[in-house]
Amino acid sequence: MKEVDFSNLIFVDGGGFLIRSDSSINGFGDLAGKSVAVTAGTTTEKRLNDMLRIRLVNAKVVTVKDGVEGVAMLESGAVAAFASDKIRLIGLAGASEESQHISRCSPRTCPSSPRVHGAAQRFRRSASRSTRR
């Protein structure tokens, strides 16, 4: 009999942004002159800074301690976007008190997406049901 081994689960995710649904941001270049929050010390922070530099986009990067703080800054209007891993963004948007005003986008496709907004709403409803049990 041969011996086998299994690796840990490997999960690949990409980065994206949360923006307000009334935002004028339609692409990465639209971040110019705006503030973008990102969690300090993450690979997203490094990648965001790299992409802003490479694409010559002059945006202010504001580091925050976590996603909750980033979303709070977005909701208050202190920043125009919050950058993180897409799976994290869906959870944060779904848990937000202002979820109807927040949309998720990637660096390539930033317009507000009803499909993504719907996914966030479904996530929020399912999370709400699971906490009632």
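Here, exposed means over 50% relative accessible area, buried means under 20%, and partly exposed is anything in between, using a 1.4 Å probe and protein chains only. This is a predicted model, so to speak of local features takes pLDDT of at least 70 and side-chain atom pairs count only at pLDDT 80 or more, while totals for chains, interfaces and linings use all residues. Residues are numbered from 1 along each chain as its sequence is written, and side-chain values use heavy atoms, with hydrogens and water left out.

**Overall layout**
- The chain has four helices and five strands (DSSP runs numbered from the N terminus: H or I of at least four residues for helices, E of at least two for strands).
- Going along the sequence, you get β-β-α-β-α-β-α-β-α.
- Of the 133 residues in the chain, 38% are buried.
- Take contacts (heavy atoms within 4.5 Å) between residues at least 6 apart in sequence: 70% of them join residues at least 24 apart.

**Helix 2**
- Helix 2 covers residues 67–76, and its buried residues include G67, G70, V71, M73 and L74.
- Those buried residues sit within an arc of 160° seen down the helix axis, so they line one face of helix 2 (the arc uses directions from the axis to the C-beta atoms).
- V68 and S76 are exposed on the other side of helix 2.
- After helix 2 comes G77, with a positive phi near 90°.

**S84**
- You'll find S84 in strand 4, residues 81–85.
- S84 counts as buried because its relative accessibility is 10%.
- Leaving out residues up to four places away in sequence, S84 touches G14, G15, G16, T44 and L89.
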